[in-house]
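Dear colleague,

I am handing over the structure that follows, together with an account of what was found in it. Please read the account with the coordinates open beside you.

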Amino acid sequence: MKGMKRVIALAITLAFAASLPLYIPEAFIYLLGLALLFAILVVSWDVMVGYTGYVNLGHTVFVGIGAYTAALLQSQRLALPTLPVPASIVMGGFVAALVGLFIGIVTLRLRGYYFALVTAILPLVFMQTVFIWPDIFGGEEGFTIEHGLAGSVVEKYYAALLIAFVSIAVMLLIVNSPVGLKLKAIREDEELAEAVGIDTVKYKIMAFVISSFFAGIGGAAIVHYRMVVAPDLYDIPLMLLVILSAVIGGLGTIYGPMIGGLLIYLAKNWWLKEVVDVFRFTALPINDDVILYLILIVVAILMPEGVYQGIKEKLKKERG
Amino acid sequence: MEGLSAELLLRIIVFGAVASGIWALAASGFSLIFGVVRILNFAHGTIFVLSAYFGITLTNYGVNPYVAFVASILFAGVFGVAMYKIALSPIRESKVMVIIVTLAIALLVEQILMMTFGEHGISFPSLVEGVVYVAGVPITYKRILTFIIAVIALISLEFFITRTKTGKMIMATAEDMEAAMLIGIDTEKALVITMFVSSILAGLGGLLYSQIFATTPIVSLKALIYAFAIVILGGLGSVRGSIVAAFIVGYTLAITISLLGARWSEFVVLLTIIAILIVKPTGLYGVEE
């Protein structure tokens with residue numbers, strides 16, 4: 001009965017998402033597609049951080065690797081064979097997963113803070129490659145590619161919806177499988193998990209590789225969506241946006257980070273732009289980023305356990 | 001040929017000393033605050049840059065550079081304490097929240113600096129003028145001064161932590177906060193002092209940096225990354241490890257820039273650190289978490 005309800009809810013959500021282009025202007029549909037792809041990044045971060053408790057601050061490494069892999073497979077810059085678009089997206093995921101495997105083997109022997117610090121410097125290592133070899137990676141400006149996900153904006157939106165749906169569904173199945181249970185055991189008490197015979201290193205690396213794979217898919221899909229690859233996909237502001245969305249949505253819930261990702265992305269790229277216009281008459285140094293960061297700081301101080309938990313607890317209190 | 005390589009060597013020695021000194025200041029402050037309060041302060045590089053911009057602005061308004069120098073260091077300390085009191089103290093228990101908030105503060109200040117001062121590099125006026133020639137290689141006095149100030153500051157830090165009553169109070173808090181509280185140490189006060197000292201070190205580093213190199217808002221990220229790298233290498237929470245690691249990083253940096261070019265600098269430094277971590281995952285002088 002519960003399963004049936006879920007299928008119906010899912011069908012309604014998908015039908016609703018699919019019908020949006022009928023009554024929403026194209027410029028907004030374009031943003032919505034990007035928001036869906038961004039949600040993949042947030043959910044894939046949650047698979048690692050929310051389920052194992054290890055704070056990965058280098059998630060954008062894999063977004064960037066997926067993005068640049070796919071872009072290079074679509075251009076003549078490295079004399080690589082040009083693949084069809086879906087194949088280059090999958091390749092982006094695989095290369096990201098491979099790098100994730102290597103990084104995971106090295107870093108997942110580290111605990112807690114060390115893991116966070118080491119992963120925090122990784123995006124900068126990879127970002128430097130873009131500047132060291134501008135002939136290949138296009139330097140600061142990046143480069144454009146020829147083949148996108150689809151021709152028109154509405155078709156692109158449907159492609160993004162499909163990619164996001166499949167990616168998030170697969171991740172959801174993984175965390176709800178016995179593997180997910182073992183990851184949660186690691187999160188709750190790593191020593192205990194080890195004591196009951198779970199090969200914690202193996203499962204942590206597995207979660208990290210899965211997380212990297214989908215980050216790569218997301219990055220590659222974003223490149224094919226907006227037709228430009230640039231170092232912003234490695235950069236710290238993107239990382240903060242991912243962390244923020246996941247924490248606001250509620251770590252370790254998949255659905256929460258997905259919704260958080262959609263809302264934060266749209267808020268930043270659509271709603272905040274209009275807020276900034278309000279301040280335009282003042283001479284203050286304010287832009288959309290400044291407002292976003294200010295809101296973030298205030299919200300974090302007021303609700304340190306996360307907005308999701310914060311609201312949940314408030315509701316509980318009100319109910320008595 | 002021989003003369004050329006001797007010259008290169010001398011350049012590397014001088015540049016390495018200056019870079020090591022500056023990054024040791026930034027990293028020891030970062031390490032100190034982690035060791036005592038267990039927070040990863042992503043806004044540490046921001047304090048580094050902010051004090052430089054504060055000092056430059058003061059001198060632009062005609063304030064004497066020496067006065068501006070001291071005022072900026074104090075400003076850094078006050079900024080750090082204010083940040084701790086307002087934003088970090090309420091969320092100290094949550095590791096992820098501290099990262100989010102300090103990272104947000106870092107990006108916020110970077111944006112505001114970018115909009116106020118622009119992207120181009122600016123410098124703090126030289127505290128001393130003049131050049132000394134060593135074997136035909138010009139070495140500016142300000143580089144020598146920078147190194148001397150850095151060494152004095154680091155020795156004072158070591159003295160402060162190990163010899164003074166306040167320093168011992170801080171170390172006791174770092175060791176075991178509850179036990180420190182039980183024997184009557186005002187731990188909150190210890191944390192505030194730690195934040196102040198940590199920020200002063202960052203501020204001093206930033207001022208010395210901007211005296212020699214062009215400072216841009218993005219330098220905050222650079223300072224943060226070097227502080228990270230050094231602390232990872234030296235071992236989290238170990239101030240002495242940070243200082244040793246700073247010299248390793250400073251000289252790796254100097255050699256890379258001299259032999260390969262500036263654009264390789266960060267890449268090679270970070271790769272070196274990752275390579276060392278593969279061999280020794282807890283850093284040179286790692287402490288228990």
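**What was found**

Of the 289 residues that make up chain B, 51% count as buried. Please keep in mind throughout that this is a predicted model.

I begin with the overall build of chain B, which contains eleven helices and two strands. Read from the N terminus, its elements follow the order α-α-α-α-β-β-α-α-α-α-α-α-α. The radius of gyration of chain B is 19 Å, close to the 19 Å that the globule rule gives for 289 residues, so chain B is as compact as a globular protein of that length. Taken along the principal axes, the box filled by its C-alpha atoms is roughly 65 × 50 × 35 Å. As for the contacts within chain B, among those between residues at least 6 apart in sequence, 75% join residues at least 24 apart.

Next comes the nonpolar core. The largest nonpolar core has 202 residues, and those that touch the most other members are Ala26(B), Ile100(B), Ala229(B), Ile230(B) and Val249(B). Helix α1 of chain B, residues 2–37, gives the most to this core, with 16 residues. For Val249(B), once its neighbours within four places in sequence are left aside, the residues in contact are Trp23(B), Tyr226(B), Ala229(B), Ile230(B), Leu233(B) and Val269(B).

Helix α6 (residues 165–175) of chain B packs with helix α8 (residues 187–212) of chain B at an angle of about 110°, and their axes are 9 Å apart. Because angles of 65 to 115 degrees count as roughly perpendicular, α6(B) and α8(B) are roughly perpendicular to each other. On the α6(B) side the residues that meet the partner helix are Thr166(B), Met169(B), Ile170(B) and Thr173(B), while α8(B) brings Thr187(B), Ala190(B), Leu191(B), Ile193(B) and Thr194(B). Sorted by class, this contact of α6(B) with α8(B) has five nonpolar and four polar residues, and no charged ones.

How many residues of chain B are in contact with chain A? There are 37 of them, and they are in contact with 35 residues of chain A. On the side of chain B that touches chain A, α4 (95–117), α9 (219–234) and α11 (265–279) of chain B each supply at least two residues, and α4(B) gives the most, with 15 residues. That side of chain B divides into 30 nonpolar, three polar and four charged residues.

Tyr51(A) lies in helix α2 (residues 26–52) of chain A, whereas Glu274(A) is found in helix α12 (residues 255–278) of chain A. Is each of them buried or exposed? Tyr51(A) has 29 other C-beta atoms within 10 Å and is therefore buried, since 20 or more are required for that class; Glu274(A), with 9 C-beta neighbours inside 10 Å, counts as exposed. Not counting residues up to four places away in sequence, Tyr51(A) touches Val175(A), Gly180(A), Leu183(A), Lys184(A), Arg187(A), Ala207(A) and Gly252(A).

With kind regards

How values were computed: Residues numbered from 1 in each chain as written. Chains lettered and ligands numbered in written order. Predicted model: local features only at pLDDT ≥ 70, side-chain atom pairs only at ≥ 80, totals over all residues. Helix = DSSP H or I, 4+ residues; strand = E, 2+ residues; numbered from the N terminus. Rg over C-alpha atoms; globule rule 2.2 N^0.38 Å. Buried ≥ 20, exposed ≤ 12 C-beta atoms within 10 Å, placed from the backbone. Contact = placed C-beta atoms within 7 Å. Axes fitted to C-alpha atoms, helices over the stretch in contact; angles between N-to-C directions. Parallel < 35°, antiparallel > 145°, perpendicular 65-115°, else oblique. Nonpolar A, V, L, I, M, F, W, Y, C, P; charged D, E, K, R; others polar. Core = buried A, V, L, I, M, F, W, Y, C linked by C-beta atoms within 7 Å.
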